[in-house]
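Please keep the sequence and the model in view while reading.

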Amino acid sequence: MAEQKKTVKFIIERQDSPTSKPYTQEFEIPYRPALNVVASLMEIQKNPVTTSGERVAPVTWECNCLEKVCGACMMVINGRARQACCALIDELEQPIRLQPARTFPVIRDLLIDRSVMFESLKRVQAWVEIDGTWEVKDAPIQNPYTATTAYEISHCMTCGCCLEACPNVGPQSDFIGASPTVQAYLFNLHPLGKFDKEKRLNALMGKGGITSCGNSQNCVEVCPKNIKLTTYLAQLNRDVNKQALKNMFNK
Amino acid sequence: MINTTFYLRRLHSLCGLVLLGGVLIEHLLTNATALGGPEVFNAGLEAMEQIPKPIFLAIEVCLYAVPILFHAIYGVYIALQAKNNQGNYGYNKNWKFTLQRWTAWYLVAFLIWHVGYLRIFLKGINGVPISYELVLSVVSNPIVWVLYVVGMFAAIFHFCNGITTFCMTWGIAKGPRSQSVVDKMAMGLCAAMCLVTLAFMGSYLA
């Protein structure tokens, strides 16, 4: 009796254009040790034939660094948002279901448009002003303990897992999500960035800001960089409350 | 910048915990006196009736009706902004997030019935005073009894889980350890309040 060749089964949700209807297709590829989802998609790309033998257009997705640093390959794998590059086949239940993160507009297949997060980062002023009337000499001293926290938050790669997993982010709501919100805290910690702390906090108090958080805490569970998002959200809640008191009584 | 959303959300949180929490505890304590028998329960209600009518009505409107209406209407708006996803993300906190919204929907329907029938129809329009006998006649129907127990449980869970989320929303419990301690204490309180409810609701069955 010939030994049956080990294979990996995929059910992939596909969509031809931003407005067309999604449909699913099944693929089966040969198994090899240490295979991950991105490598499997590359395998399908080489020979895009479904299990029913139909030759189809190769599956479109996005990936870049292949080491969980860039955030580009975020997709919904077996129902949960995560990076495809570090999703090992050995650790996944088969058939493996791949879906685009529908919190974002789908461009094609698993490729999504994440520009909404960039808009949110602009809204909360997630940068440090360096151009001004002052003289820039040496870099300002930063408390090393604060720097440790800032380093942790700076790992955020805007992959969008926290937005996809959040029940309060999506077309039904205007919440900007955990990632851009917590970036505001990162820049509030910076020795120069903290000059604009009030601006950022006031931006977070607006519609779709931090008050739209419903404390489901899915963000901290799914964050691939293990950023303590809920801790910083609670800190920002403290900060915006203080800012609200200032807004009320200092004017 | 006015930031209406911010103040409405914070008011929703504060009003739910302080005012509606107070209403719930008041109901629980008053109803628990039913365990002492009809005389004790009725004596308590009569003592409450000693409060002059205009003051009593003002309390009902300002501390009960207005906060409940605001919390319910704005709460429906908040609940509609969520797409519950405990199916794919079955974490403990996410289940509580979903339950917070499910209990809210039940409570909207339950309170329309409860307040509409007991306070507005029976007491307000027909002038029937609330008494042990009246409550007994209402809950003697087993379906009504179950709907009332579920209503109380829903309100208790919504309030106790609200304590936990309040502590996050106001930045009181920041780290995971303190949030987990608050959560456990709130769930302990939830269990205790549910037991008290079962005790006095059970006494009507005997």
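In chain A, A:Ile77 stands opposite A:Arg80, a residue of strand E4(A). Strands here are DSSP runs of type E with at least two residues, helices are runs of type H or I with at least four residues, and both are numbered from the N terminus. The model is a predicted one, in which local features need pLDDT of at least 70 and side-chain atom pairs count only at pLDDT 80 or more, while totals for chains, interfaces and linings use all residues. Residues are numbered from 1 along each chain as its sequence is written, and chains are lettered from A and ligands numbered from 1 in the order in which they are written.

**The sheet of chain A**

E3(A) and E4(A) pair in the antiparallel sense over 4 bridges, where pairing requires that DSSP finds at least two bridges between two strands. Their hairpin has 2 residues between the strands, and A:Asn78 takes a positive phi near 50° there. Both strands belong to an open sheet of 5 strands in chain A, which has the order E2-E1-E5-E3-E4 and mixed pairing. Because strand E2 (23–30) and strand E4 (80–83) of chain A stand at the edges with a single partner strand each, one side of each is left without a neighbour in the sheet. From one strand to the next, the twist averages 35°; the axes behind such angles are lines fitted to C-alpha atoms, for helices over the stretch in contact, and the angles run from 0 to 180 degrees between N-to-C directions.

Elsewhere in the sheet, strand E1 (residues 7–14) and strand E5 (residues 96–99) of chain A pair in the parallel sense over 3 bridges, and A:Leu98 in E5(A) is the bridge partner of A:Ile12. Helix H1 (residues 37–46) of chain A packs on the sheet and touches E1, E2, strand E3 (74–77) and E5 of chain A, with its direction at about 95° to that of E2(A).

**Domains and contacts**

An automatic or database domain assignment provides the domain bounds, and it divides chain A into domain 1 (7–112) and domain 2 (115–249). The C-alpha centres of these two domains of chain A lie 31 Å apart. Contact means that the C-beta atoms of two residues, placed from the backbone, lie within 7 Å, and between the domains of chain A it takes 13 residues from domain 1 and 13 residues from domain 2. On the side of domain 1 of chain A that touches domain 2 of chain A, E4(A) gives the most, with 4 residues.

Chains A and B also meet: 26 residues of chain B are in contact with 26 residues of chain A.

**Chain B**

Chain B has 7 helices and 0 strands. Its radius of gyration, taken over C-alpha atoms, is 18 Å, close to the 17 Å that the globule rule (2.2 Å times the number of residues to the power 0.38) gives for 206 residues, so chain B is as compact as a globular protein of that length.
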